[in-house]
Amino acid sequence: MAETTTTDAVATSRAERAVIDVAGAGIRFKRNRRSRRSFKDLFSTRTRRSRPDEFWALRDVSFSVRPGEAIGVVGRNGQGKSTLLKLVAGVILPDEGVVDVREGVAPLIEITGGFVDDLSVRENVYLTAGLHGMTKRQIDERFDDIVGFADIGNFLDTPYKHLSSGMKVRIAFSVITQLDEPILIVDEVLAVGDKAFREKCYRRIEEMLAAGRTLFFVSHNEKDLRRFCKRGLYLEGGALALDADIATVLERYNSEYGV
Amino acid sequence: MRDERVQGRRWRAPYDGSVTTYADVRPTQRTPFARYRHSLWLLTKRDLHVRYATNALGYVWSILDPLLMAAIYYLVFVGIFHRGGTGEQPYIVFLLSGLLPWTWFNGAVLDFTRAFSREAKLIRSTAIPRTIWINRIVLSKGIEFVFSLPVLALFAIFAGAHLNWTVLYWPVAMLIQAVMLVGLGLIIAPVVVFFKDLERAVRLILRLLFYASAIVFQIGDVPSSFQGIVALNPLVGLFGLYRSAFFPHELSWKLVLISVVGSLIFLAVGVLVFRRTIRTVLKEM
């Protein structure tokens, strides 16, 4: 009896431990890419106040995400949505504050990025999945699933560069979603591909959510946001303006910028 | 890197959630170090694979450069100036035993100037420890260097060079060179992202360095007024260490010490520069 209670307590604490903790995060960029740089710029410390030719793409953003949450990021263009996604994915680092991601991330950002034109599809699958931490044996086990989902059976030994752009995206999506990383990050990549494949991708994402994955989703499509997400983050001018359930967030967004 | 540890990132404790269905695969999750090694090895293998699989003469290309250089200097010094009778014998082995490690050094430093730009797409989309972009260049060029050693062995056999027990110092020499290259890479790769001019400057400096590193001549041939300056070049002691395998007189522990100290300084400066610049580099990707 006592044992059961302990197990329950452990299970609760696990469920409540955040997988993503963002505290006071900020990142600044140069306004003018061509402006002259000096060695002083290059070595500037991360907390130095912003200079006139710089702007904060995100500032004082704080939130935390529990395992299994599905979060949609909402905002107009240029309000820092993709920057936030990249911070969580770990491909850029904050200038102030902390972005603490405690689990592995499967990033659907520029998904074809890791693929090498000159290598075959088969070699690319092993390379990309390997770079995301899968062992050769794990990839062997899932290889058929990956290829089956992308539906490109006859092109396995074709150099990647000879695939159609649709096929490229399909195989890339297929590899990343087979990664078994607990956090899935999606940045509007699904705008590409034909309708049937997009629906297939959406069903895959729903399956992953049902299996307990955490989702971080950027989209302008209200229908998609409502379909996947429970909670919304509303970004405005680089600040987190509202953190609430997705319906409330969309309501506020529509009332301010709606059609 | 300290910064990446502060950010937490993916290299934390493995997921221990008991509810989810992927728990069965997670136990094979590796330690951060094993994972780093795995990624490094994958990218290095990819480099070599792309080079050897897409060129019909893959392997030949990687040794053709030092062979051609050796042929040219051999013709110039032995064929035209008739200097073959003096200095270390056989001269062709002397040349190759300096040119092959130089090819490693030269190739790696040239690649450092494009370490980030060449992989921009991958860097933008995947969180891989950033130092991998430097280490994989050092490693893949180092492997090519090892692959080119049979050529040196062939020339040594046919030219009748005597192998000395000091060949056992080669792993030490390779370690010194690897440390030196990693340090240089940590400096050059991020700085080039901001100062494109540096890419051209590096080419010029490399050409200068080639003649300042006592590769085609012995350090003893240098006029004594210049010897002090040439000796400060950490490459001189390093190449001497390689050469001692065939020419024991080339080994000078004083110069080797300069190499060791030099490469450690490069590494320390490199780590500092890399830490301070990586944030800004990632924004430029």
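This is a predicted model: local features need pLDDT of at least 70, side-chain atom pairs count only at pLDDT 80 or more; totals for chains, interfaces and linings use all residues.

Residues are numbered from 1 along each chain as its sequence is written, and chains are lettered from A and ligands numbered from 1 in the order in which they are written.

The pLDDT, the predictor's confidence in each residue on a scale from 0 to 100, averages 80 over chain A, and 83% of the residues score at least 70. Helices (DSSP runs of H or I, at least four residues) and strands (runs of E, at least two) are numbered from the N terminus. Two residues are in contact if their C-beta atoms, placed from the backbone, lie within 7 Å.

Chain A has nine helices and nine strands. Of its 259 residues, 43% count as buried, that is, 20 or more other C-beta atoms lie within 10 Å of the residue's own, with C-beta atoms placed from the backbone. Of the contacts in chain A with a separation of 6 or more, 74% join residues 24 or more positions apart.

Two sheets deserve a description. Strands are taken to pair if DSSP finds at least two bridges between them. One open sheet has three strands in the order β2-β1-β4 (chain A), with antiparallel pairing. Its edge strands, each pairing on one side only, are β2 (54-65) and β4 (96-101) of chain A. Neighbouring strands of this sheet are turned by 30 degrees against each other on average, direction ignored; the axes are lines fitted to C-alpha atoms. Strand β1 (residues 20-30) of chain A pairs with β4(A) in the antiparallel sense over five bridges, and A23(A) has V98(A) in β4(A) as its bridge partner.

The other open sheet has six strands, in the order β5-β6-β7-β3-β8-β9 (chain A), and its pairing is mixed. Here β5 (105-108) and β9 (239-245) of chain A are the edge strands, each pairing on one side only. The twist averages 15 degrees from one strand to the next. Between β3(A) and strand β8 (residues 231-236) of chain A the pairing is parallel, over four bridges, with G72(A) opposite G232(A) in β8(A). β8(A) and β9(A), by contrast, pair in the antiparallel sense over six bridges, and L233(A) stands opposite D243(A) in β9(A). The hairpin of β8(A) and β9(A) has two residues between the strands, and G237(A) takes a positive phi near 60 degrees there.

In chain B, helix α6 (residues 132-159) has 28 residues and should span 40 Å at 1.5 Å a residue, which agrees with the 40 Å between its end C-alpha atoms. The expected span is 1.5 Å times one less than the number of residues. A kink of about 30 degrees lies at S148(B) in α6(B), shortly before the proline P150(B); the bend at a residue is the angle between axes fitted to the seven residues ending there and the seven starting there. After α6(B) comes G160(B), with a positive phi near 75 degrees.

Conventions. Axes are lines fitted to C-alpha atoms, for helices over the stretch in contact, and angles run from 0 to 180 degrees between N-to-C directions. A residue is buried if 20 or more other C-beta atoms lie within 10 Å of its own, exposed if 12 or fewer, and partly exposed in between; C-beta atoms are placed from the backbone.
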